[in-house]
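I opened this structure to take notes on how the chain packs. I begin with a term that I will need later.

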Amino acid sequence: MNRRPVLPMLAILMAVGLAGCASKQNLPPTNGTTWQPSNSATPEDAATADRLWQVFERYEGTPYRYGGTSANGFDCSGFIATAFDEALGRQLPRTTSQMLASGDVVGRDQLRAGDLVFFRIKGKDQHAGIYMGGDSFIHSSTSIGVTRSSLNGYYWRDRFSQARRFD
């Protein structure tokens, strides 16, 4: 009988899972969690974040699907476009590259809830999420779908490239 060792297969599966586009490192569960504004947050920031959290909670765990724009599956820009439309009634460009060509550039130290954050993966800006305050952002990860991650998480901290604001 030819049996493959279980341990190496588990190690491979774990490595694949960790190498995906998500890190929930150091983040508490989102159930019942609301955005906690910083001292400099405006009431408008809080209202924006609250509406975006409501959309996030509705779609959390929805699987990743390239080109997806619905509860059947989202890619990162599809989730962003849907969240902005449902939460804020705003139409954003559909693709990450179109989003990068629009909006106003924002410094990392000037981020406000609702700003888009972009990440360089394999030498190209190809992933985006919605900044939610603190060091948290929401996005559709290729490995686990719609989720919340930390800008300072081991996967994301060195991949952050820029942020844009769509007022």
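By polar contact I mean a pair of N or O atoms within 3.5 Å; within protein, one must be able to donate a hydrogen and the other to accept it. The model is predicted.

Entry, overall layout. I counted four helices and eight strands in the protein. Along the sequence I read the pattern α-α-β-β-α-α-β-β-β-β-β-β. Of the 167 residues, 44% count as buried. The protein exposes about 9,200 Å², and carbon and sulfur atoms supply 51% of that area. I also looked at contacts with a separation of 6 or more: residues 24 or more positions apart account for 60% of them.

Entry, cores. The largest nonpolar core holds 25 residues, and Phe-79, Ile-80, Leu-116 and Ile-130 touch the most other members. Among the elements that give two or more residues to this core, I noted helix H2 (43-59), helix H3 (76-88) and strand E5 (124-133). I then followed Ile-130: leaving out residues up to four places away in sequence, Ile-130 touches Leu-52, Phe-84, Val-117 and Phe-137, among others. A second, separate core has twelve residues, including Leu-111, Tyr-131, Leu-151 and Ala-163.

Entry, His-127. Is His-127 buried or exposed? I found that His-127 lies in strand E5. His-127 counts as buried because its relative accessibility is 3%, and buried means under 20%. Its side chain joins that of His-139 through a polar contact of 2.9 Å. Not counting residues up to four places away in sequence, His-127 also touches residues including Cys-76, Thr-96, Phe-119 and Trp-156.

Definitions and conventions
Residues numbered from 1 in each chain as written. Predicted model: local features only at pLDDT ≥ 70, side-chain atom pairs only at ≥ 80, totals over all residues. Heavy atoms only, no water. Core = buried A, V, L, I, M, F, W, Y, C linked by side-chain atoms within 4.5 Å. Buried < 20%, exposed > 50% of the residue type's maximum accessible area, 1.4 Å probe, protein only. Contact = heavy atoms within 4.5 Å. Areas by Shrake-Rupley, 256 points an atom, 1.4 Å probe, with all protein chains shown as cover.
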